[in-house]
Amino acid sequence: MPRFLYSVFFYLILPLVVLRLLWRGRQAPAYRRRIAERFGFFKAPTQKNGLWVHAVSVGESIAAAPVIEHFLATHPNLPVVVTTMTPTGSERVRAMFGDRVFHVYAPYDLPDAVERFLKRVRPSVAVIMETEIWPNMVCQTAAKGIPVILANARLSARSARGYSRLSSLTQSVFSRFSQVVAQSADDGARFVSLGVAAEKMTVSGSIKFDLAISRSLRDQASTLREQWLGSRPVWIAASTHAGEDEILLAAHRSLLLQEPSALLLLVPRHPERFGKVAELIAVNDFNFQRRSDYQDGICAGNTQVILGDTMGELLLLLGCADIAFVGGSLIEHGGHNALEPAAWGLPVLSGPSDFNFAEISALLEAAGGLRKVADREALAVELQRLFASADCAQQQGAAAKQVVDNNRGALQRLLAVIKQALLECETV
């Protein structure tokens, strides 16, 4: 009954959902494309009975990449279907895998849309990344005898309290997972309290620690840094949100008083904000360039800010910086993944809001690899400190990288769970 009422409610608000999709399409036209896929209408892949990986957007797609790469390499005859919810996630999947996987937008969580999707794809095992939990998607998939694995799962205390308010619906959904592979013991305990059977819970750590920066990417970043940015001091503000850019630009202005040649790489989280952030930079009288305008030449000497307005390049741009600030943390958003700059060996700065990655932030902070700043003044002070002392910056960056290196191994534990599920499907 709870899921029936949930579905009725979803059908009632469906016009608003579509209107919101069209409204977002005004700023990001990609949202207006391939809408039929969101209702389960698409040309079915030729191969069935494979692995279905659902990754809502860019971050989850990057986290899922080593899982997908493993099965593409070790099971070349196993079809892999990857679904996302956002155009940025879709672009990232296509950039990473091309036609090696079948990509389609995930269906809206409506019973008929989910049913159409499952009939077209017919997966053997479903892997849902992190916390993308949709009642009909989970329950209808499980009802067809398809194991549903929640991978690299995390659940903040705040999110758990929200789920607990709908306990009858939550219990019925969470109990249908065949396995939940959680990032931490605290995450696992929250999932169990909400209905996941204890024997179906595995604590693996975060597979984001298993991020590997290839030699080719390191070489590409080194070349780009040398040719484009030269020897100037560079800091990057990665995955920023509305309300943060003003603070970051103000901190950069303060930094320029001490480091006149410093460059800020400002990379908004969502592409629909590129234009607004460009206007904000101009209004604040900074000389700036766009990354999309780069033409294999050195950055102009009077450039103070570079707007990262390209897709799929954040990891590369991190490799061009000396210091990294992780966005989504100076506002109440919960932060983003600090392990990417840490894997580069960069000293990491963050605002106080990090509830989405609390355990990771705590590990980095305790090791001395991450420092939190409350406001513009504190951020400017930290930037000045790190640029003034190469030794301090090197020590903080090394501490951050050590945390990444010390916590690798979650990927292998997750792969073992997925392999077991595939094996059991083969023997049924």
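Q: Is the crossing of helix 14 and helix 16 right-handed or left-handed?

A: The model is predicted, so local features need pLDDT of at least 70 and side-chain atom pairs count only at pLDDT 80 or more, while totals for chains, interfaces and linings use all residues. Residues are numbered from 1 along each chain as its sequence is written, and side-chain values use heavy atoms, with hydrogens and water left out. A crossing is left-handed if the near helix is turned anticlockwise from the far one by less than a right angle, and right-handed if clockwise. The crossing of helix 14 and helix 16 is right-handed. Helices (H or I, at least four residues) and strands (E, at least two) are DSSP runs, numbered from the N terminus.

Q: At what angle do the axes of helix 14 and helix 16 cross?

A: Two packed helices are described by the angle between their axes and the distance between the axes. Here the axes of helix 14 (residues 358-367) and helix 16 (residues 390-406) cross at roughly 135 degrees and come within 9 Å. That makes helix 14 oblique to helix 16. Angles under 35 degrees count as roughly parallel, over 145 as roughly antiparallel, 65 to 115 as roughly perpendicular and the rest as oblique. Axes are lines fitted to C-alpha atoms, for helices over the stretch in contact, and angles run from 0 to 180 degrees between N-to-C directions.

Q: Which residues in helix 14 and helix 16 meet?

A: Contact means heavy atoms within 4.5 Å. L363, L364 and A367 in helix 14 meet A399, A400 and V403 in helix 16.

Q: Which residues are buried in helix 8?

A: Buried means under 20% relative accessible area, exposed over 50%, partly exposed in between (1.4 Å probe, protein chains only). In helix 8 (residues 185-193), the buried residues are D187, G188 and F191. Seen down the axis of helix 8, its buried residues fall within an arc of 100 degrees, so they line one face of the helix. The arc is that of the directions from the helix axis to the C-beta atoms. The face of helix 8 turned away from its buried side carries A185 and S193, which are exposed.

Q: What is phi of N152, and where does N152 lie?

A: Phi of N152 is near 50 degrees, a positive value in a residue other than glycine. N152 lies in strand 5 and is buried, with a relative accessible area of 0%.
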